Amino acid sequence: MYLEHFGLHEYPFGLTPDTSYFFPGVGAQAALNTVLVALENGEGLIKIVGEPGSGKTILCRYLLNRMEGSRFATAYIPNPNLSSAALTQALLNEFGGGFRRSLTYGLTKALEVRLLELAHEGKRAVALIDEAQAMPIESLEALRLITNLETEKSKLLQIVLFGQPELDDKLADPSVRQIRSRIAFHDHITPINAGELPAYLGYRLNRAGAARPLFTAGAMGKLHKMSRGLPRYINILAHKGLMLAFGEGRHEVDVRHVRLAGKDTPGVRLSLWDRLR
């Protein structure tokens with residue numbers, strides 16, 4: 001659509017969690033550091049919370065890619081709205097245990113056997129669970145039982161929960177107080193601040209082939225206010241802004257383009273003045 005016009009080889013503001021576009025901003029880097037330190041310390045349960053659109057999924061997948069081919073064996077559960085049995089089976093499958101083994105041993109025992117095999121191979125098993133706020137209470141309790149699996153020296157499985165603030169509400173339920181007490185490391189992904197936004201836009205534009213800035217200073221200020229610093233809304237508004245500038249034959253996105261993009265985007269913060277103009 002506008003690639004040739006702006007000198008790009010791919011769209012810089014897609015909504016798919018492409019880890020090559022992971023931006024280590026203050027909030028994302030702090031959360032990443034928390035997870036890495038907790039994993040290194042052998043903690044069993046780690047929690048990362050962020051608002052919808054704050055970049056949890058791309059962080060989760062970036063971490064997953066970073067651990068591949070290393071001393072870690074990883075499992076990725078993108079949709080954990082599963083019964084306790086289905087969750088245990090999903091973990092077993094991700095770690096290469098297979099369905100036949102679960103028939104032989106039973107689910108929890110089969111998972112323990114597979115985790116012991118990985119430990120003997122020198123692998124540390126880590127499960128990354130995205131959208132963890134969708135987990136039923138019974139499945140959260142199953143996670144607690146799974147984290148009981150350990151050798152004399154270390155946990156057989158480390159679990160990182162990525163979720164929206166509703167996850168904290170769910171963990172406040174008295175019935176899961178035991179699993180809440182086991183979360184030793186946790187962090188909150190903060191939005192991209194106004195000072196970081198030019199670097200964020202520049203990083204993505206450069207990855208896509210841009211040779212120069214494509215947003216005016218005023219456009220970036222308006223973009224940050226409307227998006228509240230949430231990457232999902234930044235990307236939507238930036239993409240629409242580029243489309244509008246392209247439609248007018250312009251080579252830079254200005255305040256007006258961002259304002260028009262905001263009017264067409266549910267969920268962004270629009271001032272009364274923006275609505276009337």
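Let's start with helix H2: its face turned away from the buried side carries the exposed residues Val26 and Glu40. Here, exposed means over 50% relative accessible area, buried under 20%, and partly exposed in between (1.4 Å probe, protein chains only). This is a predicted model, in which local features need pLDDT of at least 70, side-chain atom pairs count only at pLDDT 80 or more, and totals for chains, interfaces and linings use all residues. Residues are numbered from 1 along each chain as its sequence is written, and side-chain values use heavy atoms, leaving out hydrogens and water.

**Helix H2**
- The buried residues of H2 are Gly27, Ala28, Ala31, Leu32, Thr34, Val35, Ala38 and Leu39.
- They cover an arc of only 155 degrees around the axis, so they lie on the same side of H2; the arc is taken from the directions from the helix axis to the C-beta atoms.
- Among the elements covering these buried residues are E1, helix H3 (56-67) and E5, where contact means heavy atoms within 4.5 Å.
- Just after H2, Gly42 has a positive phi of about 80 degrees.

**The sheet**
- Five strands make an open, parallel sheet in the order E2-E3-E4-E1-E5.
- Strands E2 (72-77) and E5 (183-188) are at the edges with a single partner strand each, so one side of each has no neighbour in the sheet.
- Helices (H or I, at least four residues) and strands (E, at least two) are DSSP runs numbered from the N terminus, and two strands pair if DSSP finds at least two bridges between them.
- Five bridges join E1 (residues 45-49) to E4 (residues 157-163), and Ile46 stands opposite Val160 in E4.
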